[in-house]
Amino acid sequence: MNTADKLFDQYATNYELALSNALAPSGESREYFAEGRVEWLSRCLLKLGVQPLNVLDFGCGDGSTTPVLQRVLGAESCIGVDVSAKSLEVASEHFATEKIRYDLLADLQTEAQMDLAYCNGVFHHIMPEERPDALGLIRDALKSRGFFAFWENNSWNPATRYVISRCPFDKDAILISPLEARRLLKNAGFEIVRTDFRFIFPRALRGLRKLEDFATRLPLGAQYQILCRKNS
């Protein structure tokens, strides 16, 4: 993951601008998508009767989603980890609190202590041959039967591919299809609980968004979540 840390060190201070420019065709901000992902995750966990107290934000970048996880999920503590030291400096400066801290991935010391791990758009930046090891780190950080919310960009969605083509730090990204992601997660020791597709309609068609709850199993959304559980 050495390539990723150098890449995101370059974008540590202007990541938000670069991402906002890429997302412009959707008519929405990065905050809209972050809130939407975590709200959906919260709904899924509520249905399972799960209340995560300790949350790992894997590949947290500049840390903007970590406080959303803490607030929406009501977590007692959240740890954001990343390979980019400069991104973590930005995260710590803006978002660290008594309940939120940020660490380098290499310093992660949470063996079997986390109730939930979350990541978004991280694994398409990890070389395919390194993905099993990255999943192993997440698995080992989780408690027995802990949950993992794996979010990625839907490679089957043309609009998603267009947005990625506009994003400078996604230039060399290798997208992961939902089927490939499920296979990777199963091979890494996770049990698949559910797969959902979200963010079908752009802002111009926001009046139709209430229909998305009835189409989560259809591969139409710009992103997908695979919610899974550590096997043991």
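The questions and answers below go from the whole chain to single residues.

Biologist: What kind of model is this, and how are its residues numbered?

Modeller: This is a predicted model, in which local features need pLDDT of at least 70, side-chain atom pairs count only at pLDDT 80 or more, and totals for chains, interfaces and linings use all residues. Side-chain values use heavy atoms, with hydrogens and water left out, and residues are numbered from 1 along each chain as its sequence is written.

Biologist: How many helices and strands does the chain have?

Modeller: Both kinds of element are DSSP runs numbered from the N terminus: helices are H or I with at least four residues, and strands are E with at least two. Counted in this way, the secondary structure comes to eight helices and seven strands.

Biologist: What percentage of the 232 residues count as buried?

Modeller: A residue is buried under 20% relative accessible area, exposed over 50%, and partly exposed in between, with a 1.4 Å probe and protein chains only. Of the 232 residues of the chain, the buried ones make up 52%.

Biologist: In which order do the strands of the open sheet lie?

Modeller: Two strands pair if DSSP finds at least two bridges between them. The open sheet has seven strands with mixed pairing, in the order β3-β2-β1-β4-β5-β7-β6.

Biologist: Which residue of β2 is the bridge partner of D57?

Modeller: Strands β1 and β2 run parallel and are joined by five bridges. Five bridges also join β2 (residues 77–82) to β3, again in parallel, and there Y102 of β3 is the bridge partner of G80. The bridge partner of D57 in β2 is G80.

Biologist: Which strands does helix α4 touch?

Modeller: Contact means heavy atoms within 4.5 Å. Helix α4 (residues 66–73) packs on the sheet, and its direction makes about 140 degrees with that of β3. The strands that α4 touches are β1 (54–58), β2, β3 and β4 (114–120).

Biologist: At what angle do α3 and α4 pack?

Modeller: Axes are lines fitted to C-alpha atoms, for helices over the stretch in contact, and angles run from 0 to 180 degrees between N-to-C directions. Residues of α3 including A34, E35 and V38 meet residues of α4, among them V68, L69 and V72. The axes of α3 (residues 30–48) and α4 are 10 Å apart, and the angle is about 35 degrees.

Biologist: Is E35 buried or partly exposed?

Modeller: E35 is found in helix α3. Leaving aside neighbours within four places in sequence, E35 is in contact with V68, R71 and V72. At 26% relative accessibility, E35 counts as partly exposed.

Biologist: Which residues of α7 are buried, and over what arc do they lie?

Modeller: In α7 (residues 158–166), the buried residues are T160, V163 and I164. They lie on the same side of α7, because the arc they cover around the axis, taken from the directions from the helix axis to the C-beta atoms, is only 100 degrees.

Biologist: Which residues are exposed on the other side of α7?

Modeller: An α-helix has 3.6 residues a turn, so residues three or four places apart point the same way. On the other side of α7, the exposed residues are P158 and S165.

Biologist: Which backbone nitrogen does a side-chain oxygen of N157 reach?

Modeller: A polar contact is a pair of N or O atoms within 3.5 Å; within protein, one must be able to donate a hydrogen and the other to accept it, and residues adjacent in sequence count only if both atoms are side-chain atoms. At the start of α7, the side-chain oxygen of N157 comes to within 2.8 Å of the backbone nitrogen of A159.

Biologist: Where does F199 lie, and what is its phi?

Modeller: Most residues other than glycine have a negative phi, and most peptide bonds are trans. F199 lies in the loop between β6 and β7, and counts as buried at 8% relative accessibility. Although F199 is not a glycine, its phi is positive, about 65 degrees.
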